[in-house]
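Subject: Structure for you to look at

Hello,

Here is the structure I promised. Please open it first, then read my notes below.

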Amino acid sequence: MAVALGGNAILQAGQEGTADEQLANVKNACEQIAKLIDSGYEVVVSHGNGPQVGSLLIQHEAGSDEVPPMPLEICGAQTQGQIGYMVQQSLGNVFRELDINKNVLTTVTQVVVNEDDEAFANPTKPVGPFYSEEEAKKAMEEKDENWIEDSGRGWRKVVASPVPQKIVETESIKELIANDNVVVASGGGGIPVVEDENEQLSGVEAVIDKDLATRKLAEEVDADILMILTDVPNVAINFGTPQQENLGILTIAEMEEYQAEGHFGTGSMGPKVQAVVDFVKNGGERAIITSLDQALEAIEGKTGTQICADKDAVNQIA
Ligand SMILES: Nc1ncnc2c1ncn2[C@@H]1O[C@H](COP(=O)(O)OP(=O)(O)O)[C@@H](O)[C@H]1O
Ligand SMILES: NC(=O)OP(=O)(O)O
């Protein structure tokens, strides 16, 4: 099973974003993941970095004139280490509490994207904190930046988010899993790189969507289940309106209908729904979207939004 933790679930809207707050959110998620592992699931873990990478950019921009700011992909690598460390430590601590005899390892993961991906000309990935419309418009006028309103939560800067094509470290990740390690991989969607004709890699300024990257990771390590843990318990239709309706267990076809009707936010719920639909369409057994603290209940079919190939598979879980 591949489990992805959302960056906004780790640094939650309304929280200041201190290390202690983020660690507490990671610990909650790790307790759930450890219970999944304790009940027999083999898990590979991934995570987002949208809020963290945007905050790091702000810190770099506000830094000293004597120290050069780092480009976006280096910020991505830094947040991969930062959040990977929190997951690795927290999960390891829970393992020791529960007497689970496994090591947790975080891998620096590079993900290949296409140099000519149209996302480079059309930024859609929200990063960093939420601001007012006034502050966002000021930033758009004064700097060469793109901003969007993000799912009724406020305005956020957006950056290029090319489609993940290939995970560079897949073979090593598979080997670590086969040797009974719990691996944290492809954090923040992976560090975006392009590959030249001589197989040489170099970083590009972007943030890959972690939901799309985790789907790729899930497929490359032959996971049967994809579970995306975020800050809402269910995917909804008519989200944020009085007609909002939470979705439970449904087929790919049903989810695709809602997708076509435009119910899912760009850069937030949209890529999660795309990832789960594509995963099951491509042979995955089941895909789940739910909140960070409900992983265990979700795997038992008691909560969350779940996608299966057809009605028979839905009935088996429901
Ligand atoms: N149709 C929808 N149903 C549920 N949540 C939605 C929907 N459309 C947009 N969202 C927003 O998506 C958010 C989760 O996406 P995101 O912030 O990218 O999470 P994460 O960082 O955890 O991956 C929710 O908090 C909600 O505001
Ligand atoms: N990289 C990424 O998609 O992060 P979030 O899940 O935090 O948005």
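Helices here are DSSP runs of H or I with at least four residues; strands are DSSP runs of E with at least two; both are numbered from the N terminus.

Some ground rules. This is a predicted model: local features need pLDDT of at least 70, side-chain atom pairs count only at pLDDT 80 or more, and totals for chains, interfaces and linings use all residues. Residues are numbered from 1 along each chain as its sequence is written, while chains are lettered from A and ligands numbered from 1 in the order in which they are written.

**Helix 7**

Helix 7 covers residues 210-220. Of its 11 residues, 9 are buried, so the helix is largely enclosed by the rest of the structure. "Buried" means that 20 or more other C-beta atoms lie within 10 Å of the residue's own; 12 or fewer makes it exposed, anything in between partly exposed, and C-beta atoms are placed from the backbone. Among the buried residues are Lys-210, Asp-211, Arg-215 and Lys-216. The cover includes strand 1 (2-5), strand 12 (225-230) and helix 9 (269-281).

**Two ligands**

Near a ligand means that a residue's C-beta atom, placed from the backbone, lies within 6 Å of it. Ligand 1 has 19 residues around it, and Gly-6, Asn-8, Phe-239, Gly-265 and Ser-268 come nearest. Helix 1 (residues 7-10) gives the most to this shell, with 3 residues. By class, the shell of ligand 1 has 7 nonpolar, 10 polar and 2 charged residues. Here Ala, Val, Leu, Ile, Met, Phe, Trp, Tyr, Cys and Pro count as nonpolar, Asp, Glu, Lys and Arg as charged, and the others, Gly among them, as polar.

Ligand 2 has Gly-6, Asn-8, Asp-209 and Lys-210 among its surrounding residues. Its shell holds 1 nonpolar, 8 polar and 2 charged residues.

The protein divides into domain 1 (2-115 + 162-308) and domain 2 (124-159). These bounds come from an automatic or database domain assignment. Their C-alpha centres lie 22 Å apart. In the contact between them, 17 residues of domain 1 meet 14 residues of domain 2. Contact means C-beta atoms, placed from the backbone, within 7 Å. Helix 3 (residues 50-61) gives the most to the domain 1 side, with 7 residues.

The largest nonpolar core has 80 residues. Such a core is a set of buried Ala, Val, Leu, Ile, Met, Phe, Trp, Tyr and Cys residues joined through C-beta atoms within 7 Å. Val-3, Ile-33, Leu-226, Met-227, Leu-229 and Val-276 touch the most other members. Helix 4 (residues 72-98) supplies the largest share, 9 residues.

**Strand 7**

How many of the residues of strand 7 (residues 155-159) are buried? The count is 5 of 5. Trp-155, Lys-157 and Val-159 are on one side, with Arg-156 and Val-158 on the other. Strand 5 (residues 125-131) pairs with strand 7 in the antiparallel sense over 4 bridges; pairing needs at least two bridges found by DSSP. There, Val-127 stands opposite Lys-157. Strand 6 (residues 146-149) also runs antiparallel to strand 7, joined by 4 bridges. Glu-149 has Trp-155 as its bridge partner.

Best wishes

Note on methods
Two residues are in contact if their C-beta atoms, placed from the backbone, lie within 7 Å.
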